[in-house]
Amino acid sequence: MKLHEYQSKALFAQYGMPIPRGKLASTPEEARHIARDLGRRVVVKSQVLVGGRGKAGGIQLARNPDEAERVASEILSMEIKGLPVRKVLVDEAADIRTEIYLGVVIDRAQRRVVMMASSAGGVDIEEVARDTPEKIIRVAIDPFIGLRDYQARQIAFGIGLERDLVRDFTSIAQALYRCFLETDASLAEINPLVVTGDRKLIALDGKIILDDNALYRHPELAAMRDIDEEAPAEVEARQRGLSYIKLDGEIGCMVNGAGLAMATMDLTQLFGGSPANFLDIGGGAQADKVAAALRIILADPNVKAVLFNIFGGIARCDEVARGIVTALREVNPKVPMVARLVGTNEEEGRRILADAHLETATTLAEAIKKAVALARGEEAVIELPPAAIKPLPARRVPASKAITRRAVVDGRKPAARKSPIRKVAIRRASKNAKKSKISKVGKVSTKAKGSR
Ligand code: GDP
Ligand code: MN
């Protein structure tokens with residue numbers, strides 16, 4: 001979840017970082033009053049959850065309350081990167097000498113939280129990273145000892161900060177790290193952190209992204225969510241308990257299970273298509289949930305075909321199939337669809353879908369190839385190679401026989417003479433079985449305790 005600039009800066013202030021005085025306005029009159037109360041030059045800043053507002057004209061200076069009212073009315077009627085501006089922040093204007101970038105992010109490759117800084121502040125850090133990567137200083141933070149002052153000083157000198165500012169910079173860096181940590185953020189950045197004419201450091205812009213999975217620990221932060229700013233599809237997905245992420249492709253994917261959804265996206269790419277979304281409908285998947293998921297997928301105008309990939313484990317295929325049919329009746333989609341159902345009650349599930357004239361498939365490869373063809377407007381006639389892997393028979397295989405069984409699946413016959421490896425494995429399996437029997441009686445377990 002992204003926080004607005006005004007929310008991020010309010011948090012910064014709570015952590016002791018210097019921010020400009022200012023207030024939020026939703027009408028030009030309010031902006032005028034705030035400017036009057038501040039009693040000096042102000043900057044009127046659009047509050048939308050995208051970067052580059054400055055370049056888009058969403059940030060303007062005003063010398064007096066009249067001007068503040070005028071620019072606020074202008075900005076409040078703007079759309080920035082498709083988002084209507086509903087609020088503006090009216091801050092006292094800063095006398096900027098230099099602009100610094102300071103951010104805290106998670107670096108997955110290093111498995112550390114990393115503090116990044118650059119003397120080339122104000123612009124997108126991605127741009128700096130691309131064009132002049134040598135201008136970015138990075139310091140990895142040990143999770144147990146935290147950010148050390150010497151590290152903060154190292155950053156300060158690395159970006160060429162003058163000596164008289166290093167002490168203030170160090171305390172801002174420490175506060176930003178604490179803020180990042182305690183809010184469970186995945187990003188906390190100040191861009192720009194400015195040096196003013198009277199040699200003070202001030203955080204002019206703030207951006208915080210919170211980890212959605214940790215929001216339950218922070219009800220006061222969760223309450224900051226601005227539903228107006230979110231895509232309606234994402235709001236509905238969250239309310240329905242669906243994990244949904246919109247992507248740029250043309251094949252809508254409805255999958256139960258996050259791992260399966262990832263694999264589906266990978267394979268879609270492999271077979272020449274591109275996924276329009278990641279969507280995990282989770283377990284259970286009753287009709288209403290499936291319908292909601294389908295509505296969400298179809299709300300995306302890029303979607304040219306929909307692929308259902310359902311593994312019936314806890315969710316039964318027939319139940320999901322009924323959900324899909326109910327959803328189809330309700331949503332009445334105009335794009336072609338393919339469904340692949342496997343697992344519990346799959347025949348029943350496929351029959352229900354076939355009765356509803358839905359294209360079905362048994363293997364994932366087949367389903368995805370069909371979906372890719374349909375998205376291109378081709379007919380989905382797929383020639384399949386002979387199945388490389390024979391499906392396992394449905395009946396349960398006892399653990400001690402599993403190895404023999406696997407040899408068959410690999411396409412090799414089990415060796416006539418038992419190989420030593422297999423012998424060992426089987427013997428171990430039966431030994432374990434014996435052990436567990438004994439421990440139930442209580443003999444081995446007491447012995448094990450004594451030998452520790
Ligand atoms: P962003 O474009 O969405 O990242 O918005 P920022 O808040 O970072 O503002 C963009 C740029 O506007 C900054 O880098 C500054 O150059 C300028 N700016 C922002 N606030 C002030 C201010 O108070 N005074 C002056 N002179 N410029 C400002
Ligand atoms: Mn900025």
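Here, a residue counts as buried when its relative accessible area is under 20%. With that in hand, welcome to a quick tour of this predicted model. The protein has 452 residues, and 42% of them count as buried. Its fold is built with 16 helices and 19 strands, and ligand 1 has 16 residues around it.

**Overall picture**
- Among contacts with a separation of 6 or more, 65% are between residues 24 or more positions apart.

**Around ligand 1**
- The closest of the surrounding residues are Lys45, Arg53, Gly54, Ala94 and Glu99.
- Lys45 uses its side chain here: one of its N or O atoms is 2.7 Å from an oxygen atom of ligand 1.
- Ala94 takes part through its backbone, with an N or O atom 2.9 Å from an oxygen atom of the ligand.
- Gly52 also brings in a backbone N or O atom, at 3.5 Å from an oxygen atom of ligand 1.
- On its own, ligand 1 has 560 Å² of accessible area, and the protein covers 81% of it.
- Strands E3 (42-46), E4 (59-62), E8 (96-107) and E11 (185-196) are the elements that each give two or more residues to this shell.
- By residue type, the shell has eight nonpolar, four polar and four charged members.

**Helix H6**
- Helix H6 covers residues 163-182, and its 20 residues should span 28 Å at 1.5 Å a residue; the end C-alpha atoms are 29 Å apart, so the two values agree.
- After H6 comes Asp184, which has a positive phi near 55 degrees.

- Pro192 sits in strand E11, and a cis peptide bond with omega of about 15 degrees joins Asn191 to Pro192.
- Arg199 is in the loop between E11 and strand E12 (201-203), and its phi is positive, near 55 degrees, although Arg199 is not a glycine.
- Because its relative accessibility is 36%, Arg199 counts as partly exposed.

- Asn345 lies between strand E18 (337-343) and helix H12 (346-355), in the loop that links them.
- Asn345 is another non-glycine residue with a positive phi, here about 60 degrees.
- With 34% relative accessibility, Asn345 counts as partly exposed.

Methods
Residues numbered from 1 in each chain as written. Chains lettered and ligands numbered in written order. Predicted model: local features only at pLDDT ≥ 70, side-chain atom pairs only at ≥ 80, totals over all residues. Heavy atoms only, no water. Helix = DSSP H or I, 4+ residues; strand = E, 2+ residues; numbered from the N terminus. Expected span 1.5 Å × (residues − 1). Buried < 20%, exposed > 50% of the residue type's maximum accessible area, 1.4 Å probe, protein only. Contact = heavy atoms within 4.5 Å. Near = heavy atom within 4 Å. Polar contact = N/O pair within 3.5 Å; in protein donor to acceptor, adjacent residues only side chain to side chain. Areas by Shrake-Rupley, 256 points an atom, 1.4 Å probe, with all protein chains shown as cover. Nonpolar A, V, L, I, M, F, W, Y, C, P; charged D, E, K, R; others polar.
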